[in-house]
Amino acid sequence: MGKIIYWLKDFIKGTDKILLGLCTLLSAIGILMVYSATRVNLTEDQIFSRDAKTMFLAVIMGIFVSLVISYFDYEAVARLWPLIAVVCLGLMLSLFVIGSSPEGRDDAISWIKLGSFYFQPSELLKIGFIITFSVHLETVGSEINKLKNVILLGIHAMIAVGLVVLTGDMGSALVFMFITIGMLFMAGLQLRYFIFGVGAVALLAPIAWFEVLSDFQKQRFMAIYSPDSLTEATYNEVIFQQERGMNAISSGGVFGTGLFNGTYTQNGLVPESENDMIFSVVGEELGFVGSLVVLGLLLAIAIKILVVGKKAVSVTGKLICSAVAVMIITQVVVNVGMCLKLLPVVGITLPFMSAGGSSNLCIYIAIGMVLSVYRSSQFREPVEFKYGKLFTPFSETY
């Protein structure tokens, strides 16, 4: 019994309680917002909606999984990168055989139906990509700027981005691109390669526009940046969701209409208000102040993750934390931009806030890896060293 108590105290001591607490608090607010957004669909014999229950269970499971992952050395997990890669790629490839489309999106096959539940493999692929790309970057080490290594790293990233694009999930593809850019920057890739990358994207943009994007996806872009190019009927149909979301947010004022009192939210007037447009619920019912609190918590989580990465004892740990922070920040910027009608709708959830079992479970898997980095850094001090062709600013000794 004494050994168990000692282990438990040691486990708690090595856990980043601030980060876990921030994530749990934000998830609690998210569950409350999702419940509010879905109350309109409750029948007389229901207390909680399906979305609220699924999110609650995913968060509870996610917290448990993150604590389990945190107990294992992240470097040992990273050494399993071949298995992680095979599982993630297998799940993505299975979409071309058994993939399901979201309602109204026949051009996307981004979900696997498991009985009455749906799983989105691209959410798990984000974690797998972060781990495998971190290992790749640490293996390359100080030779990252050699052309051969840059090409191989580019192929690595394009496999993930390409698979996501082929399944019609443009939102996730955008997140992958920013994760890649962030990790390459943190690993020390020279500026000239980023400039070349921007040029390549500019050259390939017309091809993507005409050959990759569906007509509906094009209309979403034009509705924001070139509304006059659409007929009035098409514009009204495409912008409807964002217009309703903006109206809901603006009606909240400074302090909001109050929980469960939003006219737009409680009458189901904003499509996907529990998911992509969850920020409209926050804006309407919690107001400007509540929106700032939510965004402040998200920023605090991202900063805390970056601080953990700064103290990491290996390049892999540093890169994993940087990538998770970039993933969260990218999703926040794009999701809120969608809700404020600054960016087109591309189907990106707001971390810890939007409904969805896949997104909530997988974000906690990512947090588990960060917690593992934190636990490891409590017992090792960073020291510069170089061994052969491998260079890292951290010691590998306890």
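# Questions about a predicted model

Reader: Is H7 then roughly parallel or roughly antiparallel to H8?

Author: The angle between H7 and H8 is about 165°. Angles over 145 degrees count as roughly antiparallel. Therefore H7 runs, relative to H8, roughly antiparallel.

Reader: Which residues of H8 does H7 meet, and how many residues of the contact are charged?

Author: H7 brings Leu153, Ala157, Ala160, Val161, Val164 and Val165. On the H8 side they meet Met170, Ser172, Ala173, Phe176, Met177, Thr180 and Leu184. By class, the residues of this contact of H7 with H8 are eleven nonpolar and two polar, and the number charged is none.

Reader: Is the crossing of H13 and H14 left-handed or right-handed?

Author: Helix H13 spans residues 278–310 and helix H14 spans residues 315–339, and their axes come within 8 Å. They cross at roughly 165°, and H13 and H14 are therefore roughly antiparallel to each other. The crossing of H7 and H8 is right-handed, whereas that of H13 and H14 is left-handed.

Reader: How many nonpolar residues are in the contact of H13 with H14?

Author: H13 contributes residues including Phe279, Leu295, Leu298, Ile301 and Ile305. From H14 come, among them, Lys318, Cys321, Val324, Ile328 and Val332. Sorted by class, the contact of H13 with H14 has four polar residues, one charged, and a nonpolar count of 16.

Reader: Over how many bridges do E2 and E3 pair?

Author: Strand E2 takes in residues 111–114. Leu114 stands opposite Phe117 in E3, and Lys113 has Tyr118 of E3 as its bridge partner. The number of bridges over which E2 and E3 pair, in the antiparallel sense, is three.

Reader: And what is the bridge partner of Gly99 in E2?

Author: E1 and E2 pair in the antiparallel sense over two bridges. In E2, the partner of Gly99 is Ile112.

Reader: Which residue in the hairpin of E2 and E3 takes a positive phi?

Author: This hairpin has two residues between its strands. A positive phi near 65° is found there, and the residue that takes it is Gly115.

Reader: Lys341 has a positive phi too. Is Lys341 buried or partly exposed?

Author: Most residues other than glycine have a negative phi. Lys341 is not a glycine, yet has a positive phi of about 60°, and lies in the loop between H14 and H15. With a relative accessible area of 27%, Lys341 is partly exposed.

Reader: What about Phe352: is that residue buried or exposed?

Author: Phe352 is placed in the loop between H14 and H15, and has a positive phi near 70° although it is a residue other than glycine. Buried means under 20% relative accessible area. Because its relative accessibility is 2%, Phe352 counts as buried.

Reader: Which residues are in contact with Asn360, leaving aside neighbours within four places in sequence?

Author: Asn360 has its place in helix H15, residues 357–377. Asn360 is buried, with a relative accessible area of 1%. Leaving aside those sequence neighbours, the residues in contact with Asn360 are Met55, Ala58, Val59, Phe352, Ser354 and Ala355.

Reader: One last question: what distance separates the C-alpha atoms of Arg39 and Phe260?

Author: Arg39 sits in the loop between helix H2 (17–38) and helix H3 (50–71), and at 32% relative accessibility counts as partly exposed. Not counting residues up to four places away in sequence, Arg39 touches Phe260 and Gln266. Arg39 and Phe260 are 221 residues apart along the chain, and their C-alpha atoms are separated by 8.3 Å.

Conventions. Residues numbered from 1 in each chain as written. Predicted model: local features only at pLDDT ≥ 70, side-chain atom pairs only at ≥ 80, totals over all residues. Heavy atoms only, no water. Axes fitted to C-alpha atoms, helices over the stretch in contact; angles between N-to-C directions. Helix = DSSP H or I, 4+ residues; strand = E, 2+ residues; numbered from the N terminus. Parallel < 35°, antiparallel > 145°, perpendicular 65-115°, else oblique. Left-handed = near helix turned anticlockwise from the far one by under 90°. Contact = heavy atoms within 4.5 Å. Nonpolar A, V, L, I, M, F, W, Y, C, P; charged D, E, K, R; others polar. Buried < 20%, exposed > 50% of the residue type's maximum accessible area, 1.4 Å probe, protein only. Pairing = 2+ DSSP bridges.
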